[in-house]
Amino acid sequence: MTGEEITKRGKELYEQIIRPQIETAENIGKIISINVETGEYEIGDDLIITSRKLQTKQADAPIWAGRIGYNAVYAFGGTLIRTKE
């Protein structure tokens, strides 16, 4: 699976299935890592920790990550933009 395919599938899973369940006030700003093959996900404060939790279940898991409620995980030289609810 290419990086482009992982990104496409991760965004689709997040928007269509996962987002309505997890985008709550308590989760806004947290990191979500999604195994794009299985749909399993982990939520936490650290990208590496959430990804590694998924990799303990499937070592070669193709993982997409995002920041809940925002347009990007990190902003370098810019600002994170809050997505619409």
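Here are some friendly notes on this predicted model, point by point.

1. **Ground rules.** This is a predicted model in which local features need pLDDT of at least 70 and side-chain atom pairs count only at pLDDT 80 or more, while totals for chains, interfaces and linings use all residues. Residues are numbered from 1 along each chain as its sequence is written, and side-chain values use heavy atoms, with hydrogens and water left out.

2. **Salt bridges overall.** Side chains of opposite charge can pair when their charged atoms come close. A salt bridge here is a side-chain nitrogen of Lys or Arg within 4 Å of a carboxyl oxygen of Asp or Glu. By this rule the model has six salt bridges.

3. **K8 and E12.** One of these salt bridges joins the side chains of E12 and K8, at 2.9 Å from N to O. Both residues sit in helix α1, four residues apart, which is about one turn of the helix. (Helices are DSSP runs of H or I with at least four residues, strands are runs of E with at least two, and both are numbered from the N terminus.) K8 is exposed, at 54% relative accessible area, whereas E12 is partly exposed, at 26%. For these words, buried means under 20% relative accessible area, exposed means over 50%, and partly exposed lies in between, using a 1.4 Å probe and protein chains only.

4. **R19 and its partners.** R19 belongs to helix α1, which spans residues 3–22. With a relative accessible area of 16%, R19 is buried. Its side chain meets that of E23 in a salt bridge of 3.0 Å, N to O, and E23 is buried too, at 19%. The side chains of R19 and E15 are also joined, by a polar contact of 2.9 Å. A polar contact is a pair of N or O atoms within 3.5 Å; within protein, one must be able to donate a hydrogen and the other to accept it, and residues adjacent in sequence count only if both atoms are side-chain atoms.

5. E40 forms a salt bridge with K57, with the closest N and O atoms 3.5 Å apart. This pair links distant parts of the chain, 17 residues apart: E40 is in the loop between β1 (31–35) and β2 (41–44), and K57 is in helix α2. E40 counts as partly exposed, at 35% relative accessibility. Elsewhere, salt bridges that share partners join K8, R9 and E12 into one network.

6. The buried residues of α2 are T50, S51 and L54. They lie on the same side of α2 because they cover an arc of only 95 degrees around the axis, the arc being that of the directions from the helix axis to the C-beta atoms. The face turned away from this buried side carries the exposed residues I48, R52 and T56. Among the elements covering the buried residues are β1, β2 and β3 (63–67). At the start of α2, a side-chain oxygen of D46 comes to within 2.9 Å of the backbone nitrogen of I48.

7. **S51 up close.** Helix α2 covers residues 47–57 and includes S51, which is buried at 14% relative accessibility. Not counting residues up to four places away in sequence, S51 touches S33 and I63; contact means heavy atoms within 4.5 Å.

8. **G44 in β2.** G44 lies in strand β2 and is buried, with a relative accessible area of 15%. Leaving aside neighbours within four places in sequence, G44 is in contact with K30, I31 and T50. G44 and K30 are 14 residues apart in sequence and 5.7 Å apart in space, C-alpha to C-alpha.
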